[in-house]
Amino acid sequence: MAQALIVIDIQEGLINENPYDAKNFIVNTKAIIRYFRDQNIEVIFVRHSEDEGLLATGSDNWQVYHELKPQENEKIFNKYYNSIFKNSELKEYLDSKSITDLTFVGMQVEFCIDTSVKVGFEYGYKITIVEDAISTFDNIHLSANQILSFYKEKIWRNRFAQLRTTKEILAIN
């Protein structure tokens, strides 16, 4: 049961747009990253990449958020789609390391997190979502809190993934 933490799209440009509950989101994500590092469990970063726009490849906005800076030995995968798996070489890497259990933190819930959860489920990964270390933005139809609640309670829980809080993860050992 090899496992990894996958940090999805927590990038300068998105954090600068002030996602829902940004302060707690970042505090919890930092605690989860620290916990996985302390347990010598691999931490992998995935960043959304665009040819142009907010997350243009190589721009300051495209970089992993500075408070979560990857360590020198940690992998960073770039993606151009909502799925962390599509054309990113991540699945091949996970398979080469026999990693079967994935824990997700990151954003955006209704795009990259949701797609990656469902694709990962189809690939047979055991997925845990740290429910207070994921975020999104309000949109014209729903508040960010409504989006989070909907995906956690109506889509993912007991279907595609386990959901755990930061405190629950940290209490494991």
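Phe160 is partly exposed, with a relative accessible area of 23% (partly exposed lies between buried, under 20%, and exposed, over 50%, using a 1.4 Å probe and protein chains only). The model is predicted: local features need pLDDT of at least 70, side-chain atom pairs count only at pLDDT 80 or more, and totals for chains, interfaces and linings use all residues. Residues are numbered from 1 along each chain as its sequence is written, and side-chain values use heavy atoms, leaving out hydrogens and water.

**Aromatic pairs**
- The whole structure holds 7 aromatic pairs (rings of Phe, Tyr and Trp, the last by its six-membered ring, with centres within 6.5 Å; planes under 30 degrees apart are stacked, over 60 edge-to-face, the rest tilted).
- One of them is the stacked pair of Phe85 and Tyr125, at 5.7 Å centre to centre with 10° between the planes.
- Phe85 lies in the loop between strand E3 (76-79) and helix H3 (90-96), and Tyr125 in the loop between helix H4 (109-122) and strand E5 (126-135), 40 residues apart (helices, H or I of at least four residues, and strands, E of at least two, are DSSP runs numbered from the N terminus).
- Both Phe85 and Tyr125 are buried.
- Phe121 and Phe160 are edge-to-face, because their ring centres are 5.0 Å apart and their planes at 80°.
- Phe121 belongs to helix H4 and Phe160 to the loop between helix H5 (144-156) and strand E6 (162-164), so this pair ties together parts 39 residues apart in sequence.
- Phe121 is partly exposed, at 35% relative accessible area.

**Cluster and charges over rings**
- Phe85, Tyr123 and Tyr125 are linked into a cluster by ring pairs.
- The charged end of Lys91 sits over the ring of Tyr123, 4.9 Å from its centre (NZ of Lys or CZ of Arg within 6 Å of the ring centre and within 35 degrees of the ring normal).
- Lys86 lies over the face of Tyr81, 4.9 Å from the ring centre.
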